[in-house]
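Dear colleague,

Please find the structure below, with an account of what was found in it.

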Amino acid sequence: MFDPQTRRKPMNPYLGGALAGLLVVLSVYGAGKFFGASTTFVRVAGYLESTVLAERVAAMPYFLKELPKLDWQMMFVAGIFLGAFLSSLLGNSFRLLPVPDTFAARFGRSAGQRGIVAFLGGILAMFGARLADGCPSGHGLSGTLQLSVSGFVALACFFVGGLIMAKLLYGGR
Amino acid sequence: MDLWYGLATGALFGVLLQRCEVLRYDRQLGALRLRDMTIVKFMLTTVVVGMIGVYGLLDLGLVKLSVKPAVLGGNIIGGLIFGLGWGLVGYCPGTAAGALGEGRLDAFWAILGMIVGAALYAEAYPRLLETVLTWGDLGKLTLPQVLGMNHWLVIGPFAVLVILIFRLFERLRL
């Protein structure tokens with residue numbers, strides 16, 4: 001499935017970013033929606049929890065604030081999955097890969113180890129994103145492009161935290 | 001209708017993220033290790049184009065802004081926690097969905113972790129609401145409001161700054 005010979009060169013990130021910028025503008029104009037992703041994870045968590053603990057979830061303030069329902073953003077996140085899937089199939093870059101190359105070169109090819117790191121990182125990232133009231137989509141793109149103070153503050157902190165963790169994991173390498 | 005717009009917008013965004021390889025752990029860590037600025041180029045270009053477009057339409061009265069309140073306690077502490085997690089997982093919430101789409105199986109564990117993280121946050125929320133989320137609450141604030149300037153006087157210099165950053169990246173071959 002993965003053959004370096006037939007692999008297409010990636011799209012220029014300036015071109016891709018500019019097209020994504022036009023897409024944001026179109027979305028705000030056409031649907032009144034700015035990009036965001038992390039609230040969807042709250043809705044999914046609320047939905048999953050409510051299947052076993054319905055009464056408890058119904059009384060939790062945060063799940064009352066972000067009700068477990070299908071909305072624009074949840075479809076947007078599903079769309080990213082779908083778009084990436086189709087694009088990678090057509091572009092010959094779909095690759096079933098349990099451990100990313102960079103991670104494997106540093107820590108080995110154990111899928112279990114990588115899975116645990118990804119799981120723990122995911123917990124931390126989402127807890128932080130909800131506390132910050134947004135992720136790199138909601139704050140990093142939508143917040144900064146509206147020149148909101150919260151967007152710039154959060155985006156700077158995302159990178160500071162990320163740089164620290166990358167330094168801890170990879171050192172100078 | 002909203003739902004279909006969401007799906008279509010997400011799918012197009014997913015194609016762009018995938019074609020630029022922004023979804024990859026290697027690219028995201030590349031930026032955090034200051035070796036490969038692909039994701040930063042993508043992100044900042046999106047921001048500048050989006051900024052000009054959205055504020056242009058705002059001046060014409062065609063769109064509304066949706067500014068999130070600046071709560072410095074939450075933005076800063078949450079932002080740092082997110083960053084530490086991001087360095088471990090190598091995907092953000094949106095790109096994790098896309099990474100799974102292009103077959104990156106570790107993104108499955110990332111997404112599972114993110115759902116657990118959201119559930120834990122919901123548990124902690126009442127206590128956080130009384131503490132961290134009251135620290136430095138400035139309300140819905142934008143840079144032009146802080147500086148007391150017309151928004152184009154902020155957008156112009158911002159765009160120039162971004163172009164200078166891009167020139168630096170290209171000069172350093174990042």
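At 1% relative accessibility, B:Cys20 counts as buried, a term that means under 20% relative accessible area, with exposed meaning over 50% and partly exposed in between (1.4 Å probe, protein chains only). This is a predicted model, in which local features need pLDDT of at least 70 and side-chain atom pairs count only at pLDDT 80 or more, while totals for chains, interfaces and linings use all residues. Residues are numbered from 1 along each chain as its sequence is written, chains are lettered from A and ligands numbered from 1 in the order in which they are written, and side-chain values use heavy atoms, leaving out hydrogens and water.

The sulfur of B:Cys20 lies 14 Å from the closest cysteine sulfur, that of B:Cys92, which is too far for a bond. B:Cys92 is also buried, at 8% relative accessible area; its sulfur is 6.4 Å from the closest cysteine sulfur, in A:Cys135, again too far for a bond. Over all chains, the search finds zero disulfides (pairs of cysteine sulfur atoms within 2.5 Å).

Helix H2 (residues 25-32) of chain B has seven of its eight residues buried, so the rest of the structure largely encloses it. Helices here are DSSP runs (H or I, at least four residues), numbered from the N terminus. The buried residues of H2(B) pack against helices of chain A, namely H6 (101-107), H7 (111-132) and H9 (149-170), and against H3 (38-59), H4 (72-89) and H5 (93-101) of chain B. Just after H2(B), B:Leu34 has a positive phi of about 60 degrees.

A:Phe35 is in contact (heavy atoms within 4.5 Å) with residues including A:Trp72, A:Phe76, B:Thr9 and B:Phe13.

Yours sincerely

Terms used. Helix = DSSP H or I, 4+ residues; strand = E, 2+ residues; numbered from the N terminus. Lists of a residue's contacts leave out its neighbours within four places in sequence.
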